[in-house]
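Hi everyone, thanks for coming. Let me put the sequence and the structure up on the screen, and then we can walk through a few places together.

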Amino acid sequence: MQFERQSGVFLHQTSLPGPHGIGDLGAGARAFVDFLDRADQSLWQFCPLGPTASIHGNSPYQSSSAFAGNPLLIDLRDLVDRGYLTADEIDPPEDFSQQHVKYDRVTEFKEARLRDAYESFDESASDADQQSFAEFCEREAGWLDDYALFTALKAEFDDAGWMDWPDDIRTREPAAVERYRDELADDVRYHKFVQWCFDSQWQALAEYAAERDIGLVGDLPIYVGLDSADVWAYPEVFRLDDDHHPAAVAGVPPNPGDDGQRWGNPVYDWDALRANDYGWWVDRFERLFDLVDIARIDHFKGFDEFWSIPAEADDPAAGQWRDGPGAHFFETVRDRLGDLPFFVEDLGFLDESIVALRDQFGFPGMRVPQYADWCEEGHMYQPMHYPESAVGYTSTHDTDTIVGYYRDLSDRQRDCLHYNLGTDGDEINWDLIEAVWNSNAVVAMTTMQDLLGLDSDARFNVPGTATGNWQWRVSEAALDADVAERLRQVTDRTIR
């Protein structure tokens with residue numbers, strides 16, 4: 001087991017406090033790190049960090065890049081400190097909310113300021129910043145060149161998906177790529193500048209957390225969005241047809257009580273990847289671990305076997321199980337990168353083969369008490385039955401808050417929960433935090449919403465819905481010293 005007995009809090013960066021309508025990598029992020037430090041926590045977990053888009057409901061799990069950072073997370077006050085914006089330019093509009101992210105309004109405001117900052121950078125960048133920018137562009141060229149061109153092309157073609165671009169650039173004919181690189185050179189450079197801003201601010205925040213012994217836990221969605229720089233730039237990695245359209249897409253099969261899901265992400269061509277020693281994946285992991293200390297692999301099942309649906313089929317039932325890369329993938333990556341500090345999302349897929357793959361590499365799986373049958377003796381999702389090789393969560397970004405979950409329990413399940421936890425439910429959020437912290441799970445995680453005892457109005461995401469998600473924010477006042485002290489006491493008492 002490569003992890004110590006420890007604990008932490010989940011809070012995505014968009015939820016951080018700050019003046020510009022959305023969390024960022026500045027003072028609000030440092031205030032949260034300070035909160036974790038006061039609470040004696042050693043981990044901060046969050047969703048994927050990539051760019052988001054309104055067409056996908058601003059989901060961090062449908063990004064235009066598996067490598068880039070989200071421009072909306074850039075701290076504008078840092079750009080004032082660097083001399084690229086003035087304080088008046090970043091004065092926030094009155095309609096910005098401290099409670100919820102209004103993505104369209106925030107995007108309009110921040111993009112305009114980032115453009116202004118880029119122009120100032122071009123005119124007056126210090127020698128040190130110019131050198132830092134040049135070194136970043138050279139170091140990250142493997143993904144940055146394609147991402148910046150892709151993003152510039154999206155604007156050139158009125159935000160159309162790359163599948164609808166002119167044939168020559170859609171299929172990346174070399175002459176077309178070079179022509180557009182030349183025609184859109186300034187826009188391409190602007191997008192590189194934005195990524196440099198994100199990267200330099202992130203590295204400063206990561207150093208601030210590391211000085212306080214707080215590790216960063218990122219998230220790795222197994223699939224990437226179809227309309228992404230990754231699929232456009234690396235068609236050989238995916239199962240596409242000769243015209244660069246998906247031959248098959250990902251999803252999950254029907255189960256008793258549901259019709260399955262058709263996610264629409266292109267599936268990987270694992271044979272082609274294996275022949276290249278999974279080079280694209282190694283690059284992806286290297287970039288990820290430049291940013292975080294630990295990664296949670298979403299839909300770990302897909303590395304064991306994956307549900308492949310013919311692209312022309314609308315019904316998930318038309319798919320079939322196909323073999324994933326299995327142990328060979330992780331052995332190859334480990335040979336290249338060394339230790340693999342992964343948690344894995346294995347909820348709902350605990351068949352023999354995925355358990356064997358998970359355990360072969362010592363990856364802790366997930367346990368969430370909201371999936372427990374409280375009236376079944378020894379149920380695996382009751383915290384008192386968590387194994388050491390698990391990460392226990394009070395809730396996740398995809399579940400209700402504890403308070404919302406408890407409110408919706410049946411009377412019978414609520415009575416059984418009371419009996420199992422020895423509680424009357426008056427402080428059910430702290431009861432479940434204590435139960436997860438007291439479990440054998442090597443890592444215990446809760447959310448900021450659960451620490452504050454918030455109900456379903458503070459839920460971060462409802463899977464299968466397209467609107468109203470990813471919006472909740474915490475105020476700086478809610479990063480309360482009393483809450484931190486109570487969590488510190490629970491952590492001390494449970495030896496984490």
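I'll talk about a strand, the nonpolar cores, a helix and a single threonine.

A quick word on ground rules: this is a predicted model, so local features need pLDDT of at least 70 and side-chain atom pairs count only at pLDDT 80 or more, while totals for chains, interfaces and linings use all residues. Residues are numbered from 1 along each chain as its sequence is written, and side-chain values use heavy atoms, with hydrogens and water left out. Helices (H or I, at least four residues) and strands (E, at least two) are DSSP runs, numbered from the N terminus.

Let's begin with strand E3, residues 215-221. How many of its residues are buried? The count is 7 of the 7, so E3 is largely enclosed by the rest of the structure. Buried here means under 20% relative accessible area, exposed means over 50%, and partly exposed is in between, with a 1.4 Å probe and protein chains only. Gly215, Val217, Asp219 and Pro221 point one way from E3, while Leu216, Gly218 and Leu220 point the other way.

Now its partners; strands pair if DSSP finds at least two bridges between them. E3 pairs in the parallel sense with strand E2 (residues 43-45) over 3 bridges, and 5 bridges join E3 to strand E6 (residues 294-298), also parallel. Val217 stands opposite Gln45 and opposite Ile294 in E6.

On to the cores. A nonpolar core is a set of buried Ala, Val, Leu, Ile, Met, Phe, Trp, Tyr and Cys residues joined through side-chain atoms within 4.5 Å. The largest has 132 residues, and those with the most contacts inside it include Trp44, Trp281 and Phe303. Helix H8 gives this core its largest share, 12 residues. A second, separate core of 24 residues includes Phe3, Ile294, Met366 and Val391.

Next, helix H4, residues 127-139. Asp129, Phe133, Phe136 and Cys137 are buried in H4. They cover an arc of only 95 degrees around the axis (taken from the directions from the helix axis to the C-beta atoms), which puts them on the same side of H4. On the other side, Asp127, Ala128, Glu138 and Arg139 are exposed. What covers the buried residues includes helices H3 (103-124), H5 (141-156) and H8 (185-211).

Last stop: Thr494, in the segment after helix H19 (481-493). Is Thr494 buried or exposed? At 5% relative accessibility, Thr494 counts as buried. Thr494 touches Arg5, Trp437 and Asn438 (heavy atoms within 4.5 Å), not counting residues up to four places away in sequence.
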